[in-house]
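Have the sequence and the 3D view open as you read.

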Amino acid sequence: MQTPNGAKLYFLRRILRDPFAPESVVDPAQTWGLRSYESTPDDPKPGRDVYDVYSKVPGKGLDGREYRQL
């Protein structure tokens with residue numbers, strides 16, 4: 001499939017699990033937080049227009065940023 005300007009579109013066949021999530025979480029979709037345009041940048045929430053996902057796992061990366069900010 002292509003966009004009107006000729007660029008290819010890619011789709012995921014399945015939702016991948018957040019690699020930082022604990023093994024006890026079985027459903028891969030539950031390992032991600034959803035961010036929509038309806039929410040504020042400081043308090044992401046799901047909505048009709050989800051454009052991004054973030055890790056819900058607490059903790060920080062090697063650069064000191066929280067996983068949810070990466």
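## What you're looking at

This is a predicted model, where local features need pLDDT of at least 70, side-chain atom pairs count only at pLDDT 80 or more, and totals for chains, interfaces and linings use all residues. Residues are numbered from 1 along each chain as its sequence is written, and side-chain values use heavy atoms, with hydrogens and water left out.

## Overall build

The protein chain has zero helices and two strands (DSSP runs numbered from the N terminus: H or I of at least four residues for helices, E of at least two for strands). Its radius of gyration is 15 Å, well over the 11 Å that the globule rule gives for 70 residues, so the chain is more spread out than a compact globule. That radius is taken over C-alpha atoms, and the rule is 2.2 Å times the number of residues to the power 0.38. Along its principal axes, the C-alpha trace spans about 40 × 30 × 25 Å.

Of the 70 residues, 17% count as buried (buried is under 20% relative accessible area, exposed is over 50%, partly exposed is in between, with a 1.4 Å probe and protein chains only). As for contacts (heavy atoms within 4.5 Å), take those between residues at least 6 apart in sequence: 15% of them join residues at least 24 apart.

## Ser 36 and Tyr 51

Back to Ser 36: it is buried, with a relative accessible area of 2%. Not counting residues up to four places away in sequence, Ser 36 touches Lys 45, Pro 46, Gly 47, Asp 49, Val 50 and Tyr 51.

Tyr 51 lies in strand E2 and is partly exposed at 44% relative accessibility. Leaving aside neighbours within four places in sequence, Tyr 51 is in contact with Arg 35, Ser 36 and Tyr 37.

## Charges and salt bridges

The chain carries 11 positive and 10 negative side chains, and the centres of the two sets lie 5 Å apart. Lys and Arg count as positive and Asp and Glu as negative, while His and the chain ends are not counted; each charge is placed at NZ of Lys, CZ of Arg, CG of Asp or CD of Glu. Side chains of opposite charge can pair when their charged atoms come close.

The structure holds four salt bridges (a side-chain nitrogen of Lys or Arg within 4 Å of a carboxyl oxygen of Asp or Glu). One of them joins Asp 52 and Arg 35, at 3.3 Å from N to O. Asp 52 lies in strand E2 (residues 50-55) and Arg 35 in strand E1 (residues 32-36), so this pair ties together parts 17 residues apart in sequence. Asp 52 is partly exposed at 32% relative accessibility, whereas Arg 35 is buried at 14%.

Arg 48 and Glu 38 also meet in a salt bridge, again 3.3 Å from N to O. Both lie in the loop between E1 and E2, so the pair ties together parts 10 residues apart in sequence. Arg 48 is exposed, with a relative accessible area of 78%. Arg 65 forms a salt bridge with Asp 63, their closest N and O atoms being 2.9 Å apart, and Arg 65 is partly exposed at 41%.

## Across the chain

Asp 27 is found in the segment before E1 and is partly exposed at 35% relative accessibility. Its C-alpha atom is separated by 23 Å from that of Lys 60, 33 residues apart along the chain. Tyr 51 and Gly 64 are 13 residues apart in sequence and 25 Å apart in space, C-alpha to C-alpha.
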